[in-house]
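My notes below follow the order in which I looked things up.

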Amino acid sequence: MDMRRFEAVVIASICTGERRAGFRDRNTGVFKEVMCIRDDRDYEAFLDEFGLSKGDVKEEY
């Protein structure tokens with residue numbers, strides 16, 4: 001994943017609490033979901049799979 005072109009994003013619903021992790025194209029704004037985050041283990045798995053730290057991930061509501 002070219003992190004110069006994509007940013008890691010977790011989109012969370014205020015109403016339902018659903019969280020989706022993926023990457024947004026910095027040029028087009030298109031979001032590509034890679035997984036649903038159900039709990040902290042899923043979030044850690046997302047970070048590990050893509051070599052990210054919590055500071056690398058933008059959270060949006």
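Which exposed residues does the face of α1 turned away from its buried side carry? I find Asp40, Arg41, Asp48 and Glu49 there. I call a residue buried under 20% relative accessible area, exposed over 50%, and partly exposed in between (1.4 Å probe, protein chains only).

Ground rules. The model is predicted, so I take local features at pLDDT of at least 70 and side-chain atom pairs only at pLDDT 80 or more, while totals for chains, interfaces and linings use all residues. I number residues from 1 along each chain as its sequence is written, and side-chain values use heavy atoms, with hydrogens and water left out. Helices (H or I, at least four residues) and strands (E, at least two) are DSSP runs, numbered from the N terminus.

Helix, buried side. I looked up the buried residues of α1 and got Asp42, Tyr43, Phe46 and Leu47. They sit on the same side of α1 because they cover an arc of only 140° around the axis; the arc is that of the directions from the helix axis to the C-beta atoms. An α-helix has 3.6 residues a turn, so residues three or four places apart point the same way. The buried residues of α1 pack against β1, β2, β3 and β4, with contact meaning heavy atoms within 4.5 Å.

Helix, ends. Aspartate 39 caps the N-terminal end of α1, with a side-chain oxygen 3.1 Å from the backbone nitrogen of arginine 41. After α1 comes glycine 51, with a positive phi near 65°.

Sheet. I find an open sheet of four strands in the order β3-β2-β1-β4, with mixed pairing. β3 (31-37) and β4 (57-60) are at the edges with a single partner strand each, so one side of each has no neighbour in the sheet. Two strands pair if DSSP finds at least two bridges between them. Strand β2 (residues 19-25) pairs with β3 in the antiparallel sense over six bridges. Alanine 21 stands opposite methionine 35 in β3.

Cysteines. I searched the whole structure for disulfides (cysteine sulfur atoms paired within 2.5 Å) and found zero. Cysteine 15 is in no disulfide, and the nearest cysteine sulfur, that of cysteine 36, is 16 Å away. How accessible is cysteine 15? Cysteine 15 has 78% relative accessibility and so counts as exposed. Cysteine 36 has 34% and therefore counts as partly exposed.

Note on methods:
A polar contact is a pair of N or O atoms within 3.5 Å; within protein, one must be able to donate a hydrogen and the other to accept it, and residues adjacent in sequence count only if both atoms are side-chain atoms.
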